[in-house]
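Here are a few friendly notes to read with the structure open beside you.

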Amino acid sequence: MSPRKKKTKWERIDGREWNELRPIRIESGVLPNADGSAYIEMGRNKIIAGVFGPKEMHPKHLAKPHMAVLRCRYHMAPFSVDPRRSPAPSRRDNEISMVMRYALEPAIFLERYPRSSIDVYTEVLQADGGTRCACINAATVALVDAGIPMRDLVAACAAGKIDGRLILDLGDYEDKKGQADVPLAYMPKLDKVTLLQMDGTLSTEEMEECVGLAIEGCKQIYEMQREALKKKYGIEKEEP
Amino acid sequence: MSSRYGIIPRLKRKKIQETLATGKRMDGRGLGDYREISIRTGIIEKAEGSAEVYLGETRVLVGIKIGVGAPFEDTPDEGVLVCNAEFVPVASPAFEPGPPDEKSIELARVVDRGLRSAEVVDFSKLCIIPGKKVYVVHVDLYILNHAGNLIDASAVAALAALRGAMKPVYKIEDDEAVLTEKKEPLKVRKLPVAVTIAKIGESFVVDPSADEEEVMDARLTVTVDDDGNICTLQKSGSEGLTLDEIKKAINIAVEKAPEIRAKITGSE
Amino acid sequence: MSAHFENRDLVIPGDILYEGRIRTGDNTYRAQGKVCATRIGLVEYGRGIVSVIALEAGYNPLVGDLVIGKVVDIDLGFWVVDIDAPAAAILNVPDAIDAPFRPDLVMPDILDVGDTIVAKVVDLDRRRTPILSILGRDLGKVEEGFIIRITPSKIPRLIGKKGSMVNMILKETGCRIVIGQNGRILIHGRTRKQEEIVVNVVDKIEREAHTSGLTNRIQEYIKSLKEEPN
C-alpha cells in the first residue's frame, strides 16, 4: 500500500487512519435455540446470526440430490435505520441474501449432506454501513459454532474511496458520500475471494489497490473470528 | 415445516403434569414464580428508544421509532401508536422467514391493546397540527430467542423502551411542521403489565416456559394497570376455562403485576 | 513433513494440521498436500493419522447407533421419526411389531404421532435415509421419564471410556439414563431430586467436555449436589 495517502492533514470522519478498521467485537454461541450463532459489532453495526441444520429440506422439491442447499437470509430490523423501514424484505435484502450465499458456499462441505438444508439467518439490529460484510463475518462464526464442516473461514470487509483517497472499512457516512465502495469476502487460508461487488468509479489501478486493501482488512478480521471462536472454550488453557 | 412443531409430545406432557402435581416445575420454580427478568435500555442508538429484555432465556428487543404522519380520521387531534412483532427465524427452529403469522400478529395486538387501553402516553399531546400532522410512534417487537411467554416479556420491553424514548420537537411555521434539533421525553404515564397464566392439567402456572406452552391446555393473559385495573384479556389455547378458573387467573395476575412493574421502574 | 500444532490444541476450520504424507482422520481434509481441520475441535496426532475431536457437530447416523426419536408422521406401512439428523428416519411396520404390514392394521394404536421411542439404526438406505428398528431389549415406546438434549459430538464424553462416566453417574445417583447417539438423553429417576442432579451433571459435562480429569470432577460434583438440601 502506498503511503502517499497519509501525508496531509486530511482526516476521516471518525478519526481513523485510512487503513484502519472500525472497532470490532465478535461473540459466538449467543442464541440457545439455534444450532450455531454469533453476534458482531462492527463500528455501530449490530448484527446477530443464527444457523440451523443440516436438516431435512422443506419443501422437499427444493432439495438437491447431490448436496445440501445453503439458504441465507439478510434482514434488517425496522428500527435499525433512520427513518423506520418496513419489515417486509426489500429487493436489496434479497440481493444481499444471494451474494451472502455465494460468499459462504465455497467454504462449506455441502456435498456431505445431500437432500438437506443449512439455513443461515442474519438480522441487522442496527445498521452503520457495510452490513453485508458484517453479516458474512457473523454468519461464518455461527456456521463453525453449528459444527458445519468447513474448508476455511470467510472474512469480509469493504474498501473504497472518499475525497479522492482510498480507505478501508467504510462507515455509513463514507459509504453514502464516497466515490466508491468495494465490499469483499475472502478465505485467508485458501487465498480466494468469494464476494466482490463495487459501486462508484475507480481507475483500474485504484480498483486493484482497493482489493488488496480489503484483503488486508479481511486478514485482520479473520484473526478476530478465530479469537471469538476460541473464547467460548476459554477454560481449555487453565485446566490441568 | 412448522406443523412438525405443533405435535404435542405426550411424554413431555405427562412428565410436566406429574411434576406440577407435586407443586414444583421442571425448572425448579414454584407455580407462581417468574423467571429472572433483566432489562437493558438504550442499546439501539439509532432508535428513539430501545430496550432488551431477558425473561429467563426468552429474549426480546424492542425499538421505538418516532415519525410524523397523518392522524386517523376519527381522532384528528391525537397521535398514533403502531405495534408490530417480528418472529425472527434465529429465535426458534419453529419460526420461518415470511410474512407475520397469526401468533406474531396476536402478540403485537395484545401488547398494543395493553398500551392503548391504559393510555400509556397522552395521545392528545402527540398532535402537531390537528387533522394534519401527528406523531406516529412505532413499537417494533423483535423476538430474538423464544423460550416461552413472549407476551409478558414483550410488554415489559415495550414499556421500558417507551419510558426512555425521546421524541423530536417540531415547531409550526406558516402552518407547516418544521423539525428542530431539540428532543424531549415521550412521557409515559402508566405501566400496564401483562401477566400470562397457563393451565396445564389442573394446575395454573405463571410465566410458562416453552415446554409448558407446548403442552398447556389453555392460556390467559391479563394486563393490569398501576391501579390494579384490568386493561386487556386474551384467552388462548383450545380448551375452555370455567368462570372460577378465570377468576382465579385474574387474581393471580393482579397479585403478580406489581412485582413485574417494580422491575421496570427499577431499570434505570 | 511436519505437525503444525501440539496434541490436543484447539483448532479451527481451515487450520493446517500437517504437511506431508499422513492419513486424514475425522474432521479433516486434504488440500494441496496439506491436511486441514473442517471443524472446531482438539487436534489428535496418531500413528500415521491426524484427526480432530469435534467440539461442535450435528448428528450423523451410523448403523448400530442407539437413538431417541419422536414420531412425527404416519404413512402406509411406516412411521416417520425425527432423530435430529440431516434426514428424518423411517420405522417400517415389520421393524416395530415383528410381523408384516397388513392393511387392517391400526398404526396409531401401535405408535402415534407425538410418541417418543428408543430405537436402533439398522440400515441406511440408498438415499442415506436412516432405517430404525424397535425390536430388541430396552427398545420401543418410552412411557416414563423426560428427554434432554446435548450437542451430539459430546455424547462419547458422557458415556466415557467403556461406559465409565455413565456407569459412575448411574451408581452415584441411582437414576435411569438412556443415551441416544443423536444427543437426546432419556432420564427417569425414582425422585425428582435424582433427576435434577443428572440434569445438572449432564450440563456440566457438556460445558467441560474438552477438558481432562473430568470423571473425577463429576464424581465430586455429584457428591456436592447430593449433600444440598432440597
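1. A word on terms before the helix pair: a helix axis here is a line fitted to C-alpha atoms over the stretch in contact, and the angle between two axes, taken between N-to-C directions, can run from 0 to 180 degrees. Please keep in mind throughout that this is a predicted model.

2. Start in chain B, with helix α2 (residues 102-117) and helix α3 (residues 150-163). Their axes lie 10 Å apart and meet at an angle of about 45°. Because of that angle, α2(B) counts as oblique to α3(B). As for handedness, α2(B) and α3(B) cross in a right-handed way.

3. Which residues make this contact between α2(B) and α3(B)? From α2(B) come L107(B), V110(B), V111(B), G114(B) and L115(B), while α3(B) supplies L150(B), I151(B), S154(B), A155(B) and A158(B). By class, eight of the residues in the contact of α2(B) with α3(B) are nonpolar and two are polar, with no charged residue among them.

4. Next, have a look at chain C, which is divided into domain 1 (2-54), domain 2 (66-141) and domain 3 (146-227). Taken over C-alpha atoms, the centres of domain 2 and domain 3 of chain C are 27 Å apart. Where these two domains of chain C touch, eight residues of domain 2 are in contact with eight residues of domain 3.

5. What does domain 2 of chain C bring to the side that touches domain 3 of chain C? The elements giving two or more residues are β9 (66-75) and β12 (116-124) of chain C. Of these, β9(C) provides the largest share, three residues. This side of domain 2 of chain C divides into six nonpolar residues, one polar and one charged.

6. Now for the contacts between chains, beginning with chains B and C. Here, twelve residues of chain B are in contact with 13 residues of chain C. On the side of chain B that touches chain C, you will find four nonpolar, three polar and five charged residues.

7. Finally, chains A and C: 28 residues from chain A and 24 residues from chain C take part in their contact. On the side of chain A that touches chain C, the elements that give two or more residues are β3 (45-56), α2 (131-145) and α4 (204-231) of chain A.

How values were computed: Residues are numbered from 1 along each chain as its sequence is written. Chains are lettered from A and ligands numbered from 1 in the order in which they are written. This is a predicted model: local features need pLDDT of at least 70, side-chain atom pairs count only at pLDDT 80 or more; totals for chains, interfaces and linings use all residues. Helices (H or I, at least four residues) and strands (E, at least two) are DSSP runs, numbered from the N terminus. Angles under 35 degrees count as roughly parallel, over 145 as roughly antiparallel, 65 to 115 as roughly perpendicular and the rest as oblique. A crossing is left-handed if the near helix is turned anticlockwise from the far one by less than a right angle, and right-handed if clockwise. Two residues are in contact if their C-beta atoms, placed from the backbone, lie within 7 Å. Ala, Val, Leu, Ile, Met, Phe, Trp, Tyr, Cys and Pro count as nonpolar, Asp, Glu, Lys and Arg as charged, and the others, Gly among them, as polar. Domain bounds come from an automatic or database domain assignment.
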